[in-house]
Amino acid sequence: MFGLLALTAVLYLWDVTRNGWANDFYAAAVQAGTKSWKAFLFGSFDSSNFITVDKTPASLWVMEISGRIFGFNQWSMLVPQALEGVASVALLYAAVKRWFGPQAGLMAGLVLALTPVAALMFRFNNPDALLVLLMTAAAYTLVRAVESGRTKWLVFGGLLLGFAFLAKMLQAFLVVPGFAVAYLVAGPPRLGKRIWQTVLMGVGLIVGAGWWILAAQLTPAADRPYFGGSTDNNILQLAIGYNGLGRLDGNETGSIGGGGNGQGTSFGGATGILRLFHSEFGGQISWLLPAALISLGAMLWVSRRAVRTDRTRAAALVWGGWVLITGLVFSYMSGIIHPYYMVALAPGIAALVGIGAAALWQARLGLAGRITVAVAIVATAVWAYVLLDRTPDWLPWLRWVIVIVGVAAAGSVLAGSYLSRPEGPLGSSGSSGSSGSSGSSGSSGSRRARRALVLVPVGLAMVAGLAGPTAYALDTVNSAHTGAIVSAGPQTEGFGSGPGGGGGFPGGRAGQFGRGTGTGASGRAGSGTGSAGTGVTGGPAGSAGTRPGGSGTSGSAGTLPGGSGSAGTRPGGISGASGAAGRTGGFGGAGGAGGGGGLGGSTTVSSALEKLLEQDASSYKWVAATEGSEAAAPLELATGDAVMAIGGFNGTDPWPTLAVFEGLVAKHEIHYYVGQDGESFGGGQGSAAITKWVAAHFTKQTVGGETVYNLTEPTS
């Protein structure tokens, strides 16, 4: 186990700061939490507590505590995320080992550690790292509860899941149905006691999440920041609406573009039972999904006549319920979904694969079992070939190696059934010796041969199953990832294949799905594909992709909808990193928009603008205001001071109103306004009204290539 954890730590910690501030939206919030305890408690985006991030704050707390201890920097922010990954692997190992032995636990932990999307998210500052850790810990407590029947383990698990809600809201509850069914079916006590114990688990869940929800709801609005992402400054509306049911049906008021309307297909391709195998998500999570499903089916079959408390069946309900429910929700949700969400599936898949792989260690595995294992190995190898074939120029030899090794592994598994028979070559070894010495020698040789019957298939199967995801994970670790939309592994061809993709969002951003620098590949004429973040299909070539209000310094990221140009800058004198090569097909269906990039991250603020904002900064609550957190975050990180994000993350939150903004300006609480307009990401009516009012009442100046208004010097 210690070797596994050491490997995981090296993988996740290796040059972790290459990701910089990662998602600078959350990085800015972490910085705020290290400066203000109110910002810490509520998850404020800025230290002056104007608006929160659009999530509950638990994931920020871990990074903020680290920042308060070690000082706020990229290292202190990202190392806790990596350690959460190591802890997740340790807990998964412990949970699987208790029922199926150390070999199964080691395999499960190794699969989790090498899952590409896990290698991405445990080196990133999004909430998913803490979410996965807490769900895995809750699964461990459930294993203990099924063993002992003790209520304390169920309550503890409920508390952990409640706290997971504070990391990423309702996504934490996707594992609850499987957990509840597993205990109701396999728990040791009588049925009546199992029912009320499960109810107590629910009580623990409510307490784990409810204490913060209650505190947030009871705090007067005047004494706390606005809840970003909500339409009425209500945390329950955010949890149930935008971050809850809206993700399922696509009715996400407050989402990208302001209204949802099935935005998930723009980011995750067409919905359907095979969605997780499509190019948007396949390379992130699906490498071992066929093997996991085969293992689940085998577990249910072999335990069909077992006693109620059979642990194989219980494990199938725990881990299989996790994978099936979460997978089906991800497959059919119409709201916004990103590739990195797939990390929530990783522990369940890894556990099923580890349990299934443990069968290879059984010398007496029957013929039906060997056939099942062989089918799983071949299916895994073939699927790895398909995934790797989506990037034909990236390690082209690897897919053939995997197929060859996979066939060899399957053959050795099947051959073992014959070789181990009494009449087989190994079954008769040592049985005919005429002396003690010769018999002993034959017996020793037989033992070595039988050990080989186990080790050879296991070794070959591990290569066939893990070579692909390992290569993707190493590519992920060796690449910089920044922004709000990131994905693991190399870029795939045909990204977004299948019907239903609506193209990208307005104003593509730097970096293909948040990856590091590169050059954009031009697309077909009129297709809208191009370098980082191009527009929708069929538009004319775009001009330099600057937003009105700035001077249009040539950059490399993003054009407006309908364009295929490649130049552009972010507002606030912030230049985006160049995007990686464009993909055919875009986010959604074939011929859709080009790759979207990262939505923030890899940004630099001009020295002139930074110097201006820092002048007399201590005299103001906010050194600047600008539209949306994407533009505000780099300014906040560069200056270390509070910047007002008008309209929250998307620029669409109805806060502040024009009247509130005018009042803050009149009280000299905001120093500068950095030019924006409705062409920015999101852009609500309220922010447009503020932009118009600022332009009409204050004199603009150009600083670092961007338009800036001094809000302390009105024109009249």
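**View 1. Helix H7 and the glycine after it.** Glycine 149 follows helix H7 and has a positive phi, near 75°. Helices here are DSSP runs (H or I, at least four residues), numbered from the N terminus. The model is predicted: local features need pLDDT of at least 70, side-chain atom pairs count only at pLDDT 80 or more, and totals for chains, interfaces and linings use all residues. Residues are numbered from 1 along each chain as its sequence is written, and side-chain values use heavy atoms, with hydrogens and water left out. H7 covers residues 128–148, 21 residues in all. From first C-alpha to last, H7 reaches 30 Å, close to the 30 Å expected at 1.5 Å a residue (the expected span is 1.5 Å times one less than the number of residues). H7 is mostly covered, with 18 of its 21 residues buried (buried is under 20% relative accessible area, exposed over 50%, partly exposed in between; 1.4 Å probe, protein chains only).

View 2. Aspartate 128 and lysine 168 meet through their side chains in a salt bridge, 2.6 Å from N to O. The term means a side-chain nitrogen of Lys or Arg within 4 Å of a carboxyl oxygen of Asp or Glu. This pair links distant parts of the chain: aspartate 128 lies in helix H7 and lysine 168 in helix H8 (residues 151–168), 40 residues apart. Both aspartate 128 and lysine 168 are buried. Elsewhere, salt bridges with shared partners join Arg98, Arg144 and Glu147 into one network. The count of salt bridges comes to six.

**View 3. Two further charged pairs.** Aspartate 15 and arginine 18 form a salt bridge at 3.1 Å, N to O. Aspartate 15 is partly exposed, at 37% relative accessible area. Arginine 18 is also partly exposed, at 29%. Aspartate 54 and lysine 55 pair at 3.5 Å, N to O. Here aspartate 54 is buried at 5%, and lysine 55 is buried at 10%.

**View 4. The largest nonpolar core.** This core has 178 residues; Trp319, Phe330, Met342 and Phe661 touch the most other members. Helix H5 (residues 74–114) gives the largest share, 18 residues. A nonpolar core is a set of buried Ala, Val, Leu, Ile, Met, Phe, Trp, Tyr and Cys residues joined through side-chain atoms within 4.5 Å. A second, separate core has nine residues, including Ala359, Leu360, Ala409 and Val413.

**View 5. Around phenylalanine 330.** Leaving out residues up to four places away in sequence, phenylalanine 330 touches Gln171, Leu174, Arg275, Leu276, Ile337, Tyr341, Met342, Ala344 and Leu345. Contact means heavy atoms within 4.5 Å.

Terms used: Helices (H or I, at least four residues) and strands (E, at least two) are DSSP runs, numbered from the N terminus.
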